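Hi,

Here is the structure I promised to send over. Have a look at it first, and then read my notes on its pockets below.

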Amino acid sequence: MDKLHDNQIEQVQQISYEHTKKVISPPLSVVFYDVTTLYFEAEREDEFRQTGFSKDGKHQHPQIVLGLLVSEGGYPLTYQIFEGSKFEGHTMLPVIESFKEKYQFNEIVVVTDAGMLSEKNIKAIEEKRYQYIIGARIKSEGELIKQQILCSKLDDAQSICLVKSDTQKLIVSYSAQRAKKDAYNRERGLKKLEKALATGKLTKRHL
């Protein structure tokens with residue numbers, strides 16, 4: 001692995017990129033970014049393998065953070081590895097900037113999840129004139145937007161567009177299947193809390 005990384009990693013990434021260009025139908029214009037963590041069964045940290053927020057729930061183990069950029073259909077484009085203690089929101093722009101510069105893209109649309117949704121990230125993306133689609137959480141929105149969402153009466157698969165600012169729009173859609181799942185999870189959570197209260201075993205974990 002060390003030999004591969006030292007001598008051939010650029011070639012491997014180039015092969016992956018060229019293959020992706022061949023298998024996707026339209027010209028590459030939309031990229032998807034996400035992050036995962038990889039932990040090690042080790043007792044000590046080093047300058048790279050560090051403890052941090054683990055997506056595997058292994059917070060006591062040293063880990064690394066892997067940022068992956070893929071095309072439509074999930075085909076790999078590029079990746080970067082970061083120290084395990086790095087906040088995932090700080091990994092997105094370095095990966096995208098490196099990819100854009102390496103392959104000379106003038107414009108790309110960046111799609112990512114709510115974990116990357118921070119004012120600093122959005123400001124940086126807009127300053128660099130990227131088009132972007134970022135997952136949003138209702139609880140993170142302002143009161144006016146929350147009220148507009150809650151007052152919307154949407155049928156299954158319907159959507160509305162809410163204007164947040166001169167540069168931002170929020171697309172809100174309704175899924176009956178997702179609503180059913182969320183209602184089930186809320187009910188299950190309430191039952192667990194009621195049981196913990198009744199037995200005197202309520203802890204911070206339940207909250």
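Six elements each supply at least two residues to the lining of the largest pocket: β4 (109-112), α3 (119-127), β5 (131-134), α4 (143-151), β7 (169-173) and α5 (176-199). Helices here are DSSP runs of H or I with at least four residues, strands are runs of E with at least two, and both are numbered from the N terminus. β7 gives the largest share, 5 residues.

Before going on, note that this is a predicted model: local features need pLDDT of at least 70, side-chain atom pairs count only at pLDDT 80 or more, and totals for chains, interfaces and linings use all residues. Residues are numbered from 1 along each chain as its sequence is written, and side-chain values use heavy atoms, with hydrogens and water left out.

A pocket is an open set of points on a 1 Å grid over the protein atoms alone, where a 1.4 Å probe fits, with protein on both sides within 12 Å along at least five of seven lines; lining residues have an atom within 4 Å of a point.

Back to the largest pocket: 38 residues line it, and A136, R137, L170, I171 and V172 lie nearest its centre. It holds about 1,300 Å³ of space (the volume filled by probe spheres set on the points, which are joined across faces, edges and corners).

What about the second largest pocket? That one has about 230 Å³ of space, and its lining is M1, D2, L4, H5, I9, Y79 and I81. Two or more of these residues come from each of α1 (2-23) and β3 (76-83), with α1 giving the largest share, 4 residues.

Cheers
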